[in-house]
Amino acid sequence: MVKIPKEQRRYCPNCDEHTDQTVKEVTNRSDSPFKKKFRKRQRKIDHGYGSFPYENPAIRSRGRKNPTSEKKDLQFTCNECGKSWKPSEPLRAAKLEIER
Ligand SMILES: [Zn+2]
């Protein structure tokens with residue numbers, strides 16, 4: 001279990017300095033069906049190409065165990081300029097809790 005505070009003092013790329021920011025977990029956001037990545041995957045599933053990519057996301061890695069953790073979709077909102085941004089390297093955890 002990874003616990004992170006809701007209010008954090010972090011670097012804001014817009015203000016170019018450290019400001020108080022609020023963390024929010026963005027949920028239920030799926031890949032846009034217009035993205036090239038999504039279209040390529042869908043084409044392979046529809047037409048068939050070997051055995052990859054698997055339609056079932058539970059079967060992700062051949063010969064290895066599937067990862068139990070996942071990348072969390074976190075969004076930081078700056079309290080001073082009101083703009084939000086996402087970290088380039090997302091947090092990886094099995095369970096995440098945002099403490100208030
Ligand atoms: Zn800011």
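In this predicted model, a salt bridge (a side-chain nitrogen of Lys or Arg within 4 Å of a carboxyl oxygen of Asp or Glu) joins the side chains of Asp20 and Arg9, with an N to O distance of 3.6 Å. The pair links distant parts of the chain, eleven residues apart: Asp20 belongs to strand E3 (residues 17-25) and Arg9 to strand E2 (residues 7-12). Strands (E, at least two residues) are DSSP runs numbered from the N terminus.

The model is predicted, so local features need pLDDT of at least 70 and side-chain atom pairs count only at pLDDT 80 or more, while totals for chains, interfaces and linings use all residues. Residues are numbered from 1 along each chain as its sequence is written, and side-chain values use heavy atoms, with hydrogens and water left out.

A search of the whole structure finds three salt bridges. They are listed below.

| Pair | N to O distance |
|---|---|
| Asp20 and Arg9 | 3.6 Å |
| Lys72 and Glu70 | 3.1 Å |
| Asp73 and Lys86 | 3.1 Å |

Side chains of opposite charge can pair when their charged atoms come close.

Arg9 is exposed at 56%, whereas Asp20 is partly exposed at 38%.

Asp73 pairs with Lys86. Asp73 is partly exposed at 28%, and Lys86 is partly exposed at 36%.

Key: Helices (H or I, at least four residues) and strands (E, at least two) are DSSP runs, numbered from the N terminus. Buried means under 20% relative accessible area, exposed over 50%, partly exposed in between (1.4 Å probe, protein chains only).
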